[in-house]
Amino acid sequence: MTLRQPEAGPVSAAADAGGANAMFLSSDARWEMVDALAARTVSPGSYEPSLADVVGELTVRPLTGIPVALAALYAFWSIFTSFAGTLMTDGFMVKIFDGYWLPWLQSVWPDPASWHYFIFVGNPLADNSLEAFGVLTSGFFVSIGVVLPAVLIFYLTMTILEDSGYLPRLAVLMDTFLHKIGLHGYAIVPAILGLGCNVPAVTATRILETKKQRFIMMTLLALFIPCGAQLGIMMAVIPESVGIVFLCLLIGFGLFGFILSRLIPGENPEILVDVPAYHWPVKEYVAQKLWNRTKAFLREAIPFVLFGILLVNLLYLGGVIPALADLLEPVFVVWFGVPKETAGPLIAAFLRKDLAIAQLSNIPMTPYQLVASVVLVTIYFPCVATFVVMLREGWRELLASIAVLLTVVFIYGGMIHGIGILLGVA
Amino acid sequence: MKHNSRNTTIQRTGPVSRPGTIYSLYIGLLGLVTLGFGCADILIWAGASNGFSWGILAISGDDFFRWAWGGVVMVCGGLLLLSGAAHAATSLHQAAKAAVGVILVWVIAGTDFLAMLCAAIPAKASSPAFLNTLDGFLAGFAPPYTPALVIFPFTLGLIRVFRSAVHR
Amino acid sequence: MAANGEDVTTVLMIGNPNVGKSALFNRMTGANAVVSNYPGTTVDFTKGTLIEGNRTYVIIDVPGTYSLEPRDAAEEVAVRMLRHRPDATVMIVLDATRIERGLYLALEVMELGMPCILAVNMIDAAHEKQITVDTAELQRLLGVPVIPTTAISGEGVRSLAEMLRKARVADVMDISGRLKGDPPAAGGRACFGCGGCGGR
């Protein structure tokens, strides 16, 4: 072992600089002491990389890492659809809610023509819980039958990816692309979190350095990242066009990120990325995290779903939504090319976007109109909960976000309509 | 086997042993088949044919996500296997490339299996019961299978190569 | 010197990002903290309580930082927390596989004159990479308790909790003197020259 003796110089210099108890070294002197300490106490041994090390390294090299990222996201999505869609929602929940819960409520709730029947049970002729649109029918079906399994499996896969050490590697890999839209690699974390729920995602934008980056990320999150609840509903309502909707959102994410990064003044600094070693996730930690995240989500989500349906039903009863639909009709029909009834779901989207998509399925539309309106609802506005956390990050940013949002909805909605016309589908 | 595989896998240079050549051929063949299956997934999804079925193998090509995206992952897996095939038994770097390729195939096969499992547990939509019958559950695993599941058993042979490299 | 005489001692856990600090924190407090290995989750600090023997420690998980010259928001929070609690004990968590970066931070903290204890974490990962860290020698050189730990499995966490009471102020001058003067200690030598840490 070689031993590096520190020079006498730096220490005496330091002694001049400080008192007896609190003395401050220069950074060079400190590093010299560190070297001396390490030389005495650490013996490195001969280190040969193992297959696992080399495989780990290949996952951050672009040529091999991008296929791995594609596969990881594929697995993420596939596990999500198999568990939440096929097994839980279609396999069990639809049966429970449509076969037992809805018929039972419809038979015991008095007076199908009354206002309280309309609010709590919804359409007396509905044969499935999604389209009944009562607080106790659609509200419970959406929150427990669809959103709960979706969120559970989402957070499980997310936690495993994170705890195994793959997520930071994905961040390194995505860095080049994300820099083009004014962000850096770690923006992938809020982006993926946003696929579960925008609320923790907005909180996670704090890992980005500058105000500019946080603003871009928050706005893009609110605009183009559908949350877990929306994904679940999308799969239930428009399974055949989820791919196209996603494509529209992805293009929008890149395009408007690029534009925003050029319009907004500010820095986009490099970040020192720290990649921990791959390791097996610890069962207890995964379980604890999964529980914390699901618990926090449910506490926030279920009241909002129920309250959202209640409010929308009340607004319908009060005639507010039909009036708004009339008012905004020209914009929707001429500019976006969707039926005027979509105005209602767009108002509902403010409360919870997933509800809005469920409502859209009740309006007769062509496939183009359905895709266009689902994209619109997704980008249109964050739900109230997201709104609240964004407000917590600063009201000026929130107002700017809203301005960007309205502009983008207007431009992008028109663009999709234009492309639809060119392709002859609109 | 003449050479102890524990040693042959970490030697970066040295004579290519007979088992080494066999490993390379095997990995290369696996890569070609995976590549072919991946291309078939994408082509059938794109509308080149209305589904394909041969023996226990079937590619329905109905879903964008499964067949287009999954097909790209299979193509990448095949290419990685091919590029890692040469000297896979003697070069750690080559073995690692092949390992990444195999992992991609495993991801597709694993998610395909999970999809079968999740579809087989609940009873059919028309039946009033919640859980499937045992016969119905087992029938959910009957052929035909997706290409990744068909290849899967053949990739298990490679674990031997990789394990010797992991433990050295 | 060590912050005793009171019933409750505040312990600030500080260390580089990704040294398993949050995992160690959870092991010690069993608190409802989210463990994570991407930055961001520790920006909001976590607090937990540890009762060892007849003492109560309030443990605060400080955001990961590379130095006390802050470069981002999380590091700023870390520095601010140290400044606000000059009487607290500082537990410095080091990654055994990358000990130099942690030692740099440790020296910076020691220069503040706060009582310190070192946890050399991820000792299992170091063993896997055939890196050995002579914690006894490090303890002798620094003059503060140095405990090897593996947060994932929980090894060393108990003795870390027990040694918290022996945290003390390190004198950078003395460390420098020991580095210059003394020959490297042979393995298994008893502890001396460390201002009374009570041995191991």
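This is a predicted model: local features need pLDDT of at least 70, side-chain atom pairs count only at pLDDT 80 or more; totals for chains, interfaces and linings use all residues.
Q: What is the secondary structure of chain A?
A: Chain A comes to 20 helices and 1 strand.

Q: And how much of chain A is buried?
A: Of its 426 residues, 48% count as buried.

Q: What about chain B, how many helices and strands are there?
A: Chain B has 7 helices and 2 strands. From the N terminus on, the order is α-α-β-β-α-α-α-α-α.

Q: Which share of chain B is buried?
A: Buried residues make up 42% of the 168 residues in chain B.

Q: Now chain C. How many helices and strands?
A: Chain C comes to 7 helices and 8 strands. Of the 200 residues in chain C, 49% are buried.

Q: What share of the contacts in chain A comes from residues 24 or more positions apart?
A: Counting contacts with a separation of 6 or more, that share is 70% in chain A. For chain B, 67% of the contacts between residues at least 6 apart join residues at least 24 apart. In chain C the corresponding figure is 69%.

Q: OK, helix H2 of chain A. How many residues, and what does it reach from end to end?
A: H2(A) covers residues 27-41, so numbered, and has 15 residues. From its first C-alpha to its last it reaches 21 Å, close to the 21 Å expected at 1.5 Å a residue.

Q: Which residues of H2(A) are buried?
A: The buried residues in H2(A) are Ala29(A), Arg30(A), Glu32(A), Met33(A), Val34(A), Ala36(A), Leu37(A), Arg40(A) and Thr41(A).

Q: At what angle does H2(A) pack with helix H3 of chain C?
A: The angle between H2(A) and H3(C), residues 99-111, is about 125°, and the axes are 9 Å apart. The two helices are therefore oblique to each other. H2(A) passes H3(C) in a right-handed crossing.

Q: Which residues make that contact?
A: From H2(A) they are Arg30(A), Trp31(A), Met33(A), Val34(A), Leu37(A) and Ala38(A). From H3(C) they are Ile99(C), Glu100(C), Leu103(C), Tyr104(C), Leu107(C) and Glu108(C). By class, the contact of H2(A) with H3(C) has 9 nonpolar, no polar and 3 charged residues.

Q: Back to chain B. How far apart are the axes of helices H3 and H4?
A: The axes of H3(B), residues 64-85, and H4(B), residues 92-120, are 7 Å apart, and the angle is about 155°.

Q: Why are H3(B) and H4(B) called roughly antiparallel?
A: Because angles over 145 degrees count as roughly antiparallel, and theirs is about 155°. H3(B) passes H4(B) in a left-handed crossing.

Q: Which residues are in the contact of H3(B) with H4(B)?
A: On the H3(B) side they include Gly70(B), Val73(B), Met74(B) and Leu80(B). On the H4(B) side, Gln94(B), Ala95(B), Lys97(B) and Val105(B) are among them. The residues of this contact divide into 14 nonpolar, 6 polar and 1 charged.

Q: Where does Phe133(A) lie?
A: Phe133(A) lies in the loop between helix H6 (129-132) and helix H7 (138-164) of chain A.

Q: Buried or exposed?
A: Phe133(A) is buried, because 25 other C-beta atoms lie within 10 Å, and the cut-off for buried is 20 or more.

Q: What does Phe133(A) touch?
A: Not counting residues up to four places away in sequence, Phe133(A) touches Gly122(A), Asn123(A), Ser138(A), Ile309(A) and Gln359(A). The C-alpha atoms of Phe133(A) and Phe120(A), 13 residues apart along the chain, are separated by 8.1 Å.

Q: Last one: where is Gly254(A)?
A: Gly254(A) lies in helix H13, residues 242-263, of chain A. Gly254(A) is partly exposed, with 16 other C-beta atoms within 10 Å.

Notes. Residues are numbered from 1 along each chain as its sequence is written. Chains are lettered from A and ligands numbered from 1 in the order in which they are written. Helices (H or I, at least four residues) and strands (E, at least two) are DSSP runs, numbered from the N terminus. A residue is buried if 20 or more other C-beta atoms lie within 10 Å of its own, exposed if 12 or fewer, and partly exposed in between; C-beta atoms are placed from the backbone. Two residues are in contact if their C-beta atoms, placed from the backbone, lie within 7 Å. The expected span of a helix is 1.5 Å times one less than its number of residues. Axes are lines fitted to C-alpha atoms, for helices over the stretch in contact, and angles run from 0 to 180 degrees between N-to-C directions. A crossing is left-handed if the near helix is turned anticlockwise from the far one by less than a right angle, and right-handed if clockwise. Ala, Val, Leu, Ile, Met, Phe, Trp, Tyr, Cys and Pro count as nonpolar, Asp, Glu, Lys and Arg as charged, and the others, Gly among them, as polar. Angles under 35 degrees count as roughly parallel, over 145 as roughly antiparallel, 65 to 115 as roughly perpendicular and the rest as oblique.
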